[in-house]
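Hello,

Here is the structure we spoke about. Please open it beside this email and follow along.

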Amino acid sequence: MLETTTVKVLPMATDNAPFCPPVAADAFAIKDCALLAIATGKKATTLKELQAHLSSIDIDSIYLHVWGSLLEPQFEVREYNNHFASWARRGLHDDTLAERLAMVDPNEYADLEELRQEFLEVMAERLEEREYLHWAQATEPFEFIRSTIVVFDTAKRVEQPEELITLIPHLSTSSIFYHFIDARRRLPVSQDDFRFWLTCWGDRYAELNHHLAAIDPYFNGLTTIRHQLATAFKQYCPGNQP
Amino acid sequence: MSILEQYAQIVGDDVIDQLQQLAKPLRGKSVVHVNSTKLGGGVAEILTKLVPLMQELELNTDWQVITGDEPFFQCTKGMHNALQGNQVSLPHGLLEHYEAINRENAERLRSHLVDADFVFIHDPQPAPQLSLCPDRQGHWIWRCHIDASHPYRPVWKFLRPFIEPYEASIFSLPAFAQALPHPEYIISPSIDPLSDKNIDLPPEEVREVLRQFQIDPDRPLVVQVSRYDRFKDPVGVIRAYKMATKFHPDLQLVLAGGSADDDPEGVLVLQEVKAEANHDPDIHILMLPPDANRTINALQRAADIVMQKSTREGFGLTVTEAMWKGKPVIGGDTGGIRLQVVNYHTGFLVNTPEGAALRIRYLLNQPDKITEFGHKAQEFVRENFLLTRHLREYMTLMVSLLHGGGDRLELT
């Protein structure tokens, strides 16, 4: 007999639907995801065009261009943490704009719509500063893409945080993406699933929570983030200490 | 050992676990791939392994091939070239013949396609099958393996009505896509690490191939594997080699391509290549048969550096193949090569023979960089360009379409 699978479209934290935590309060559900890119057909070869498309592009495209690079092949340290900044540097060759766009922290904005407005603001400011950027052609176009994400349950359940010490090193990088990056979009406060779950234990894991919060999601690849998470759990999980 | 177990040894159990999770909602679904050949070419290579992998994951997967006569394939070859931007005029009669052959195939294939849950139509040859199957039940997807970014408009105008009604299409890069009234998914192609072209070879087999072509195994070797086509710039490769030999006189070069007998332009390019080589005994210009996969594999493994100095390129799977063998690649700054060759990590992107010569010298002077880049290149391919990633994305697409193609789905 075939196993049945049910599907639901998850509400985002930004929707009006009531928030539903992705993990049970008494067990952490290990999930995984697969992201697929979809062409939008929109591309920009000037900053003005980038600004125009960004003002109307699907919100999922902004999600992909801000976070998607973490799921892309990369080497060592990422120079810029979103596609807009990378293009400003490599396509438009405007280091000033690249630096400003790179410093836009998605966690500071309530939702992707607010984040869009901030990127537009930075671009508008730069266009006012440098007249030539209205018409200067980039050496490579910015291709707007959007994404679809399929989340699936691995059926693994964690009852106690200490179990994550041995489990995290074996999680796929896409699972790390789901719990550590994608969670920031799902949860009402910009937080990852691990910290959200640990708060269920009151102050017991406060130190661990503090160290998890210190992991910078922007500049390291998912393999490095997985290692950092594993290290933090190993060092600061009270149950693991001698 | 099952195919999944063989792949697990290469990509790791977590990757296979992920495939099995994604396959759950697709178990028992019928999937049919349709293309125009069982043998030869990148599409057939991928399907040869993809179909049994999908079957092992309990998807009821079938592979059908359309048949045609010489004028039909003459027409579809013209379409292929036209989609890549060549100005190919296809006479009205030939286009009518293309439709007639597709109608004949539709009669034969209808029973396979009409009830299928998913139908993947590969490239333009069988594109009209959708419109010839009006009672279809499933999700139909057109998979374009070609760089269709700048098609010859009259040919695209002819093909477009056949492609528009599909539920989705798949392109290899965002830049290759055409504006269509349905979602256009971006899925990179892949290589099969277990195929003759990519499988590990015993060192004695590599040495035997070098002996066969009188290549000295103790001297540095640069290899480019490509058909004799101006866009692959074989003449530029020879120029780069000549500049580099001023500093590394013991350098050898292999240009390995197919026979150009059936390609008038290929014959001309080959003449130019031979003229540029000027009987240099260290330049080996090889014309290999289409099934010389293990020979190509051995040449890539014997190389110190692999070149793909194209001035225009689709995805560039020869780059992927070389990287999988742990070789740094010096590639033209174009198309899919840009996605794979990362300066100072997996190789170098170049724009001129001078640039290629400079990078050959850089790498030959620092053998440790050859090793370092090669190692990174292999890991890069392992994570991104193997068949398992390709299959994961196909199944992600299928799950997404099965549930309405939303931007976010959670399977519970």
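**Where the two chains pair**

Ala37(A) stands opposite Ile186(B), a residue of strand S6(B). The strands involved are S2 (residues 28-44) of chain A and S6(B), which pair in the antiparallel sense over three bridges. Two strands count as paired if DSSP finds at least two bridges between them. Helices (H or I, at least four residues) and strands (E, at least two) are DSSP runs, numbered from the N terminus.

A word on the ground rules. This is a predicted model: local features need pLDDT of at least 70, side-chain atom pairs count only at pLDDT 80 or more, and totals for chains, interfaces and linings use all residues. Residues are numbered from 1 along each chain as its sequence is written, while chains are lettered from A and ligands numbered from 1 in the order in which they are written.

**The contact between the chains**

How many residues does each chain bring to the contact? Chain B gives 37 residues and chain A gives 29 residues. Two residues are in contact if their C-beta atoms, placed from the backbone, lie within 7 Å. On the chain B side, five elements each supply at least two residues: helix H2 (13-23), strand S6 (184-186), helix H14 (367-384), helix H15 (387-402) and strand S13 (408-411). H15(B) has the largest share, with six residues. By class, the side of chain B that touches chain A has 16 nonpolar, ten polar and eleven charged residues. Here Ala, Val, Leu, Ile, Met, Phe, Trp, Tyr, Cys and Pro count as nonpolar, Asp, Glu, Lys and Arg as charged, and the others, Gly among them, as polar.

**Chain B**

Chain B holds 15 helices and 13 strands. Its radius of gyration is 22 Å, close to the 22 Å that the globule rule gives for 412 residues, so chain B is as compact as a globular protein of that length. That radius is taken over C-alpha atoms, and the rule is 2.2 Å times the number of residues to the power 0.38. The C-alpha trace of chain B spans about 65 × 50 × 35 Å along its principal axes.

Of the 412 residues of chain B, 48% count as buried. Buried means that 20 or more other C-beta atoms lie within 10 Å of the residue's own; exposed means 12 or fewer, and partly exposed is in between, with C-beta atoms placed from the backbone. Look at strand S1 (residues 30-35) of chain B. Five of its six residues are buried, so S1(B) is largely enclosed by the rest of the structure. Six bridges join S1(B) to strand S2 (residues 60-65) of chain B, and the two run parallel. Val34(B) has Gln64(B) in S2(B) as its bridge partner.

Chain B is divided into domain 1 (3-190 + 387-402) and domain 2 (203-384). Such bounds come from an automatic or database domain assignment. The C-alpha centres of these two domains of chain B lie 30 Å apart. Ten residues of domain 1 of chain B are in contact with eight residues of domain 2 of chain B.

**Chain A**

Chain A has domain 1 (36-145) and domain 2 (159-240) in its domain assignment. Their C-alpha centres lie 28 Å apart.

Now the confidence. The mean pLDDT (the predictor's confidence in each residue, from 0 to 100) of chain A is 84, and 86% of its residues reach 70 or more. Over residues 1-24 of chain A the pLDDT is below 50. Where pLDDT is low, the predicted coordinates should not be read in detail.

Best wishes
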